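Please look over the sequence and the fold below before reading on.

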Amino acid sequence: MALELWLSLVVICVLGALSPGPSLALVVRNTMLGGHKPGLATAISHGFGVGLYAAIAVTGIGLVIVQSPLVFQVIQYTGAAFLLYLAFNALKSHGSNIDLEVEQGPNDKRINGWRDGFLLAFLNPKLAIFFLALFSQFVDVNASLTHKLIMIFTVGGLDTLWYCLVVFGLTRGPVLAKLKANSHIIDKVTGVVLLLLAVRVVIN
């Protein structure tokens, strides 16, 4: 893969990762409630989910999702249901119980970063459309397996790296303490945002 093409892909992926949305809200909330380990689990599993969608798109399987209204709607509504589940948990939360004197917070049963991060990424069928549109600029019929693997690992790796940096920033210095002090407000805001996103998924 030509260096200039790869750098173009990197820029697009970085800009996409930096855009605030439900993924950032989830990483922040899981880090705030559980500490760095659940936060990193959320970041890594979200990157894996994004990378998996990239693999689906680059191998052409994404065409099945895009061209099949039934499959697309099943994934779409499942994703909306998962957003509603996350919104419900956030809205009913009474704030964080992180013990800031301990390296890792208590094992909060509500936090499953490996599940949450992956499902939030994978149950977003619009990623298939995004990657099909994006990869059409970088892949041709003669693209090698190495070329495709570079693209897949670039997309998934950059997403993982960004959210791991977010977790690192939140768990160093006074940032997490300030978040904890206002966690009940952040939970309510996060819940409302996730709820609105779920509604948007359904009506669009």
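Leaving aside its neighbours within four places in sequence, with which residues is Val-50 in contact? A contact here means heavy atoms within 4.5 Å. By that criterion Val-50 touches Ala-121, Leu-127, Phe-131, Val-155 and Asp-159.

This is a predicted model, in which local features need pLDDT of at least 70 and side-chain atom pairs count only at pLDDT 80 or more, while totals for chains, interfaces and linings use all residues. Residues are numbered from 1 along each chain as its sequence is written, and side-chain values use heavy atoms, with hydrogens and water left out.

Of its 204 residues, 44% count as buried, where buried means under 20% relative accessible area, exposed over 50% and partly exposed in between, with a 1.4 Å probe and protein chains only. Among contacts between residues at least 6 apart in sequence, 86% join residues at least 24 apart.

Val-50 belongs to the largest nonpolar core, which has 16 residues; Val-50, Tyr-53, Leu-127, Phe-131 and Val-155 are those with the most contacts inside it. Such a core is a set of buried Ala, Val, Leu, Ile, Met, Phe, Trp, Tyr and Cys residues joined through side-chain atoms within 4.5 Å. At least two residues of this core come from each of helices H1 (3–18), H3 (36–58), H7 (126–135) and H8 (145–170). H3 gives the most, with 6 residues. A second, separate core of 9 residues includes Phe-82, Leu-83, Ala-87 and Leu-123.

Turning to charged side chains, the whole structure contains 1 salt bridge, defined as a side-chain nitrogen of Lys or Arg within 4 Å of a carboxyl oxygen of Asp or Glu. Asp-116 forms this bridge with Arg-115, the closest N and O atoms being 2.8 Å apart. Asp-116 is buried, at 2% relative accessibility, whereas Arg-115 is partly exposed, at 30%.

A nonpolar surface patch of about 610 Å² is made by Leu-84, Leu-91, Val-192, Leu-195, Leu-196, Val-199 and Ile-203. Helices H5 (69–92) and H10 (183–203) each supply at least two of its residues, and H10 gives the most, with 5. Val-199 lies in H10 and is partly exposed, with a relative accessible area of 41%.

Conventions: Helices (H or I, at least four residues) and strands (E, at least two) are DSSP runs, numbered from the N terminus. Patches are made of residues with over 30% relative accessible area and no salt bridge: like charges are joined within 9 Å, nonpolar side chains (Val, Leu, Ile, Met, Phe, Trp, Tyr) within 5 Å. Accessible areas come from the Shrake-Rupley method with a 1.4 Å probe; for residues, only the protein chains shown count as cover.
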